[in-house]
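Here is a short report on one protein chain. Look at the sequence and the structure, then read on.

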Amino acid sequence: MSKQDRQGVRKASDLEQKYNFGMLAGQGNKSNEALARQISTLNQSFAQFQALVIGRFEALEKKIDGLTIDYTVTFLVDGEVYERVNVRAGNAVNAPAAEPTVDGGTFVSWQHNGEEVTFPYTPTADTELVAIFE
């Protein structure tokens, strides 16, 4: 809730307390009737604002629910694409079924940004995994 909205709620509460105090003190005069109208108007405005915020929030939730995010995991061997896999956000991928080979080298692991990757691997963005050989 914004500062302005909190001030409006506080103002309505203060007016309501003044009205209730005046009624308890037996001062049910025109001044109290004016306070009651102000309180009613403020309460109506706040209810309209609340309905607007809730409506916008629900519309945003529907849009988010309709979104699907996919990431691409690219396996690279010597800078060339060995395999490419699309995966829905939150899901994991496994290493390619066949280990890559290069002349004169033995496959060691897949790495991302210099760190060894363990599988199943859950990406958080499009990702390149690099084959490491010894």
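Read along the sequence, the chain runs α-α-β-β-β-β-β. That pattern holds 2 helices and 5 strands. Helices (H or I, at least four residues) and strands (E, at least two) are DSSP runs, numbered from the N terminus.

This is a predicted model: local features need pLDDT of at least 70, side-chain atom pairs count only at pLDDT 80 or more, and totals for chains, interfaces and linings use all residues. Residues are numbered from 1 along each chain as its sequence is written, and side-chain values use heavy atoms, with hydrogens and water left out.

**The chain overall**

Of the 134 residues in the chain, 19% are buried. Buried means under 20% relative accessible area, exposed means over 50%, and partly exposed lies in between (1.4 Å probe, protein chains only). The chain exposes about 10000 Å². Carbon and sulfur atoms supply 49% of that area. Accessible areas come from the Shrake-Rupley method with a 1.4 Å probe; for residues, only the protein chains shown count as cover. Now take the contacts in the chain with a separation of 6 or more: residues 24 or more positions apart account for 46% of them. A contact means heavy atoms within 4.5 Å.

**Strand β1 and its partners**

β1 is mostly covered, with 6 of its 8 residues buried. Which strands pair with β1? The table lists β2 and β5. Two strands pair if DSSP finds at least two bridges between them.

**The nonpolar core**

In soluble globular proteins, nonpolar side chains tend to be buried together. A nonpolar core is a set of buried Ala, Val, Leu, Ile, Met, Phe, Trp, Tyr and Cys residues joined through side-chain atoms within 4.5 Å. The largest such core here has 12 residues, including Tyr71, Val87, Phe107 and Leu129. β1, β3 and β5 each supply at least two residues of this core. The largest share, 4 residues, comes from β1.

Ala131 is one of the core residues. Leaving aside neighbours within four places in sequence, Ala131 is in contact with Leu76, Val77, Pro100, Phe107, Ser109 and Trp110. Ser109 lies in strand β3. Is Ser109 buried or exposed? Ser109 is buried, because its relative accessible area is 5%. Not counting residues up to four places away in sequence, Ser109 touches Glu116, Val130, Ala131 and Ile132.

**Aromatic rings**

Rings of Phe, Tyr and Trp (its six-membered ring) pair if their centres lie within 6.5 Å; planes under 30 degrees apart count as stacked, over 60 as edge-to-face and the rest as tilted. By this rule there are 5 aromatic pairs. One of them joins Phe75 and Trp110 edge-to-face, at 4.9 Å centre to centre and 75 degrees between the planes. This pair links distant parts of the chain: Phe75 is in β1 (residues 70–77), Trp110 is in β3 (residues 107–112), and they are 35 residues apart. Phe75 counts as buried because its relative accessibility is 0%. Trp110, at 5%, counts as buried too. One aromatic cluster is formed by Phe75, Tyr82, Phe107, Trp110, Phe119 and Phe133.
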